[in-house]
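The following exercises concern the packing of a two-chain model. Please examine the sequence and the structure before reading each solution.

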Amino acid sequence: MITERVPVVEKIFGANDRLAADNHARLEAAGVFSLNFMASPGAGKTSLIEQTVRHLSGQLRLAVVDGDIATSLDADRAAAAGAVAVQINTGGDCHLDAAMLQSALDELDLSVIDLLIVENVGNLVCPANFSLGTHKSVLVASVPEGDDKPYKYPGAYRGVQALVINKIDLLPYVNFDMEYFQRGASALNPGLATIPVSCRTGDGLDAWLEWVVEQVSTNGRGHEIRRI
Amino acid sequence: MHELSVTESILEIALRHGRKAGAAAITDVFLVIGELSTIVDESVQFYWDMITEDTPAAGSRLHFQRIPGRLSCRTCGYSYSPREDLPCPACGSIDIDILAGEEFYLEAIEIAETRETEKQTT
């Protein structure tokens, strides 16, 4: 028996990356602009999606793909707010991957969607490693999580195009040094669009909605944004 | 964590390249993992031993080459490790480049080939 070293040099996430590229091409071709929402559990992804759907459904046709380990609670909330919603149950997986999004896209009529929001599984570690093929990623942080999260979960803060800091109405009650938090976030992601909001009081939501609408109108293809 | 799906991807890549090279068995797998990649060696090894059973990679060894993270400050040019700090320890700038530490790939496999002559005798 002889042994031999075979050079491989292949990215471990290569297969997922290829599927993500397929998803991206499919969304592009259909003229759908897509956002991937990532956050730790309880940061307020679903609340932000509810608010986004409620405020923008008059001018954009929205769909939401919800990733959770179990239940359809989040998809139900998105549907109640007025979006077409598809639930993906990962059955224990800690993140969505490109194959899961591919099957969710099969369930949607992409020709009647302007904005697709994908709500990833609540987790600050794993989703960052698995690209889905969405156009941009949004990280939802929240004040009660603490201001050290960028330092502890650097991967989550890299490679996102917007950072929403939710629950700012709790700032007076929580030790959260906004300057320290933002210093860490911008070290990892210089120039990151950062939008403080409170989904509960509605504070800051205008800036967030403006960011979304601007993204759809500059990056979306094939659809004119219909003004109310 | 997702080490199981990661390990499955590693096995898929290793088996595919093993087949292409005509391997009778895969004996060693060499992985390169950056310090900033959130992959736990021990978990990958644990799943590896489970999922390689009944494959040509059964009993093979995983080798992890860890690449230390390296950051570089775009303002003052200071080069440092992410263990020191994230903002530049020299000038405090937050405008930094990540030079190394995000790698995650399968570099090579070692395979055992069965020669024609050996095949006939076994």
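**Exercise 1.** How many residues of chain B are in contact with how many residues of chain A?

*Solution.* The model is predicted, with local features needing pLDDT of at least 70 and side-chain atom pairs pLDDT 80 or more, while totals for chains, interfaces and linings use all residues. Residues are numbered from 1 along each chain as its sequence is written, and chains are lettered from A and ligands numbered from 1 in the order in which they are written.

Step 1. Two residues are in contact if their C-beta atoms, placed from the backbone, lie within 7 Å. On this basis, 30 residues of chain B contact 28 residues of chain A.

Step 2. Two elements of chain B, α1 (3–20) and β6 (104–113), each give two or more residues to the side that touches chain A. β6(B) gives the most, with 10 residues. Helices (H or I, at least four residues) and strands (E, at least two) are DSSP runs, numbered from the N terminus.

Step 3. This side of chain B divides into 17 nonpolar, six polar and seven charged residues. Here Ala, Val, Leu, Ile, Met, Phe, Trp, Tyr, Cys and Pro count as nonpolar, Asp, Glu, Lys and Arg as charged, and the others, Gly among them, as polar.

**Exercise 2.** Determine how α1(B) is oriented relative to helix α2 (residues 41–51) of chain B.

*Solution.* Step 1. The two helices pack at an angle of about 60°, with their axes 9 Å apart. Axes are lines fitted to C-alpha atoms over the stretch in contact, and angles run from 0 to 180 degrees between N-to-C directions.

Step 2. α1(B) is therefore oblique to α2(B), since angles under 35 degrees count as roughly parallel, over 145 as roughly antiparallel, 65 to 115 as roughly perpendicular and the rest as oblique.

Step 3. α1(B) contributes Glu3(B), Leu4(B), Val6(B), Thr7(B), Glu8(B) and Leu11(B) to the contact, and α2(B) contributes Ser43(B), Val44(B), Tyr47(B), Trp48(B) and Ile51(B). These residues divide into seven nonpolar, two polar and two charged.

**Exercise 3.** Compare this with helix α2 (residues 45–56) and helix α3 (residues 73–81) of chain A.

*Solution.* Step 1. Their axes come within 8 Å and cross at roughly 20°. α2(A) and α3(A) are therefore roughly parallel to each other.

Step 2. The contact involves Thr46(A), Ile49(A), Glu50(A), Val53(A) and Arg54(A) of α2(A), together with Asp74(A), Arg77(A), Ala78(A) and Ala81(A) of α3(A). Four of these residues are nonpolar, one is polar and four are charged.
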